[in-house]
Amino acid sequence: MAALCNGTMYGGGFQINPYGQVNDGLLELVYVQTMPMRKIWTVLYKIFAGNHEDLEELDNVICDEVVYASKDGSSMIINCDGEIYQLPTFTCQVKKHAYKRII
């Protein structure tokens with residue numbers, strides 16, 4: 001399981017990137033390699049509250065580009081902004097200061 005964010009919220013209010021800024025050009029990749037089933041609810045609660053930085057099951061990487069690619073070239077199921085895609089490769093990047101808010 002992995003989540004890639006540049007803002008503070010993900011999905012229905014999960015604070016996966018509590019210190020994120022949409023115009024800083026950085027992405028936060030939060031992922032779990034393995035985790036016992038008995039810990040899932042605790043981890044999800046901490047992620048929802050934005051208190052997950054101390055969890056040893058989660059790894060965080062700050063980057064400006066991420067490339068997901070399947071090992072064998074087969075399609076992976078990817079959820080991107082609520083839409084479901086089946087792709088063998090997915091690339092995501094954020095450009096610094098490209099977002100402008102007009103009030």
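Student: In this predicted model, which residue in S2 is the bridge partner of Ala3?

Tutor: The model is a prediction. Strand S1 covers residues 2–5, and strand S2 covers residues 27–32. These two strands pair in the antiparallel sense over four bridges. Within S2, the bridge partner of Ala3 is Val30.

Student: Which strands stand at the edges of the open sheet, and why is one side of each left without a neighbour?

Tutor: The open sheet consists of three strands with antiparallel pairing, in the order S1-S2-S3. Two of its strands have a single partner strand each, so one side of each is left without a neighbour in the sheet. The edge strands are S1 (2–5) and S3 (58–63).

Student: By what angle are neighbouring strands of this sheet turned against each other on average?

Tutor: The sheet in question is the open one with the order S1-S2-S3. The average over its neighbouring strands, with direction ignored, is 15°.

Student: In what order do the elements of the protein run from the N terminus on?

Tutor: The protein has one helix and seven strands. From the N terminus on, the order is β-β-α-β-β-β-β-β.

Student: Is Ser70 buried or exposed?

Tutor: Ser70 is placed in the loop between strand S4 (65–69) and strand S5 (76–80). Leaving aside residues up to four places away in sequence, Ser70 touches Met76 and Pro88. The relative accessibility of Ser70 is 17%, and the limit for burial is under 20%. Ser70 therefore counts as buried.

Student: Which residue in the hairpin of S5 and S6 takes a positive phi?

Tutor: S5 and strand S6 (residues 83–87) run antiparallel and are joined by five bridges. One of the bridge pairs links Cys80 to Glu83 in S6. The hairpin has two residues between the strands, and the residue with a positive phi, near 55°, is Asp81.

Student: Is Tyr45 buried or exposed?

Tutor: In sequence, Tyr45 and Phe14 are 31 residues apart, while their C-alpha atoms are 8.8 Å apart in space. The relative accessibility of Tyr45 is 60%, and the exposed class begins over 50%. Tyr45 therefore counts as exposed.

Student: How many Å apart in space are Lys100 and Asn23, C-alpha to C-alpha?

Tutor: Lys100 and Asn23 are 77 residues apart in sequence. Their C-alpha to C-alpha separation in space is 7.9 Å.

Student: What share of the contacts between residues at least 6 apart in sequence joins residues at least 24 apart?

Tutor: The C-alpha trace spans about 45 × 35 × 20 Å along its principal axes, and buried residues make up 26% of the 103 residues. For contacts between residues at least 6 apart in sequence, the share that joins residues at least 24 apart is 54%.

Student: How far apart do the centres of the positive and negative side chains lie?

Tutor: The protein exposes about 7600 Å², of which carbon and sulfur atoms supply 54%. Its charged side chains comprise 8 positive and 12 negative ones. The distance between the centres of the two sets is 4 Å.

Methods:
Residues are numbered from 1 along each chain as its sequence is written. This is a predicted model: local features need pLDDT of at least 70, side-chain atom pairs count only at pLDDT 80 or more; totals for chains, interfaces and linings use all residues. Side-chain values use heavy atoms; hydrogens and water are left out. Buried means under 20% relative accessible area, exposed over 50%, partly exposed in between (1.4 Å probe, protein chains only). Contact means heavy atoms within 4.5 Å. Accessible areas come from the Shrake-Rupley method with a 1.4 Å probe; for residues, only the protein chains shown count as cover. Lys and Arg count as positive and Asp and Glu as negative; His and the chain ends are not counted. The place of a charge is taken as NZ of Lys, CZ of Arg, CG of Asp or CD of Glu. Two strands pair if DSSP finds at least two bridges between them. Axes are lines fitted to C-alpha atoms, for helices over the stretch in contact, and angles run from 0 to 180 degrees between N-to-C directions.
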